[in-house]
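Please examine the sequence and the model before reading on.

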Amino acid sequence: MEIYAQILVSGFSLGSFYALIALGFSLIFGVTRAFNLAHGELIILSGYLAYAFWKFSGLSPYWSIPVCLLVMPGAALLLNLLVRRLKAPFELNSLVVTFGLALFLQNSMLFLFSADYRLIQPETVHFFQVPGLPVNLTENQLMLLLLSLAATAAVHGVLHGTFLGKALRAAIQDRQAALLAGINVGRIGMIAFALGGMLIGLAGPLYAQTMYLHPAAGLEATLLAIVITIFAGVGSTRGILAGGWLLGVAESLAAFVLGAGWRELVSALLLISLLVFRPQGIVLKSGT
Amino acid sequence: MLSKIKLTAITAVAAVVGLAVWPLVFGEADFYYQIFGMACFYGVLAIAWNIYALSGAISLGHAAFFGLGAYGSALLCHYGQWSPVITIPLGAATGAAFGVLWGVFFRNLRGVYLGLATLASVEIPKVIIDNWGSVTFGSLGIVGIASLPDLSLFGLEIPFGHSLKAQYYLLLLFLALAGLIHYSSLFSRWGWALRAIRENETAAVMAGVDIFRRRFEALILSSYLTGLCGALYAHLIGLIEPALVFNLHISALPLVLSIFGGRFALLGPVLGALILYPLDQLVLQPRLPTGHEAVYGLVLIMTIFFFPKGVATWLLKPRPAVWK
């Protein structure tokens, strides 16, 4: 029993992080219809940035978060410049171009950081007892949970509480109608990329503290983001959170029941099943 | 004035003759045999990818067929103790069997969604082979796979097993055969049906094209040919492991080569392979031992922006009359 409570809690913490990973993808895809296959690679890049900063500055790993939060939106905006110039068929072209970008980033990271596995490891590990449950959380897991939830809540707040959020949601729902209503869709797309870049920036350092960084690790994160986005439909923060939790718990369970090697299969199988059996999931009422 | 078809045919014949004759002029050069042999090999892989792409499908997961072909042949060779001559065509069928699964499960997916599904599907055989250690040797991979047997033909010994020159000619022959398959897929009635599906599915149905069957046939041909490449690779290199043969690069390379060369042109995929691979190996690899493959990503991005139809189509584009 105890072990299942532990799995549930760590799956929950991991799932919140998955939701954070998916949120950036979903925002960018929803607003601009650009399929960013390099999403995971950008997160890994941000992770390496955090690792390098932690290694050379000697500060607490959390100081790398503001650095990544500043740098990664820049990278995302560059990507926006690239993607905006694409011709029709836009979705397929964006898929192929970002696939190329993913290859480029993977190999550049291989060159810069070598193929070794890297992890930000604090010297001392603090444990926290979860009240009412026989479960221990490490400081890492706790921060992962809190920061992911805070970021998701912040995005939810922006989307549903501000005028900008209204414009973003309008662009997600129907680009043409948003244009007719006087929304500058191009600029809104830029803002979506910048926000997505900030989410990528936050996800990187957290990734580097939780999972091993490896130049080829990005694909798995990209698949995760796509699975959750398709499950939730674009632009639904609550759906993304629910999807992230389900996936996190499912992966933790699979790793416990079948063995850690089978964990990677969960997101791939889920993605294929969602695409095959629920193809309408990702397309909103009026797709363009 | 030369027509496009004639020009293409002359280029193709000239290229094959050129590739066949240069070793006679320059003598022994194992390094170049290896590089141009592999360029021919990737040319076949690009053609295999392109046959499926003729129907409009952009696959991001051909590594699944490649890896299954490699494992199929290597395991048959290991457990059955058969000659690679038999296990290569049989092992490649494992790739085609996975192609059948794609054809059945992905039949309603198009465009981006098909691309995503194919990308994710590579994980399935990879994770299974990784974890089924008792049969597949798991993530350690298989080492010491039997090399290709030597062939004696009319008293002439052809050492495919250890001579890079013999292997080079074998791969060149393989490329020429694949080129013929590509030619007949492009210009047969069957090929026109495929291209009709790519351009407009509804119109193709109205014209009497059985879109499910044509697409399925293209997929099977493409996956078998890719499986064949994988099986050949296992015996040429002698060792395979899941991370190597199910690598993202194996999926990416034929896509990059075809799109760069021109996926609508007969010689496009081959041109891509013969230009890019030697460029990568001869120019970039010595300078950047790790990470030189970044060039494929860059080339893919640039091609989409500057030559969306590929270099071959761009070269064959009708010029203003003054240029003729």
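In this predicted model, 32 residues of chain A are in contact with 33 residues of chain B, two residues being in contact if their C-beta atoms, placed from the backbone, lie within 7 Å. Helix 4, helix 9 and helix 11 of chain A each contribute at least two residues to the side of chain A that touches chain B. Helices (H or I, at least four residues) and strands (E, at least two) are DSSP runs, numbered from the N terminus. The greatest share of that side comes from helix 4 of chain A, with 15 residues.

Ala, Val, Leu, Ile, Met, Phe, Trp, Tyr, Cys and Pro count as nonpolar, Asp, Glu, Lys and Arg as charged, and the others, Gly among them, as polar.

| Helix 1 of chain A with helix 10 of chain A | 15 residues | 9 residues | 1 residue |

The helix pair in the table consists of helix 1 (residues 2-32) and helix 10 (residues 237-257) of chain A, which pack at an angle of about 135 degrees with their axes 6 Å apart. Axes are lines fitted to C-alpha atoms, for helices over the stretch in contact, and angles run from 0 to 180 degrees between N-to-C directions. Helix 1 of chain A is therefore oblique to helix 10 of chain A; angles under 35 degrees count as roughly parallel, over 145 as roughly antiparallel, 65 to 115 as roughly perpendicular and the rest as oblique.

In chain B, 10 of the 11 residues of helix 5 (residues 111-121) are buried, so this helix is largely enclosed by the rest of the structure. A residue is buried if 20 or more other C-beta atoms lie within 10 Å of its own, exposed if 12 or fewer, and partly exposed in between. The cover over the buried residues of helix 5 of chain B includes helix 4, helix 9 and helix 11 of chain A, together with helix 3, helix 4 and helix 6 of chain B.

B:G80 lies in helix 3 of chain B. B:G80 counts as exposed because it has 11 C-beta neighbours inside 10 Å.

Residues are numbered from 1 along each chain as its sequence is written, while chains are lettered from A and ligands numbered from 1 in the order in which they are written. Because the model is predicted, local features need pLDDT of at least 70 and side-chain atom pairs count only at pLDDT 80 or more, whereas totals for chains, interfaces and linings use all residues.
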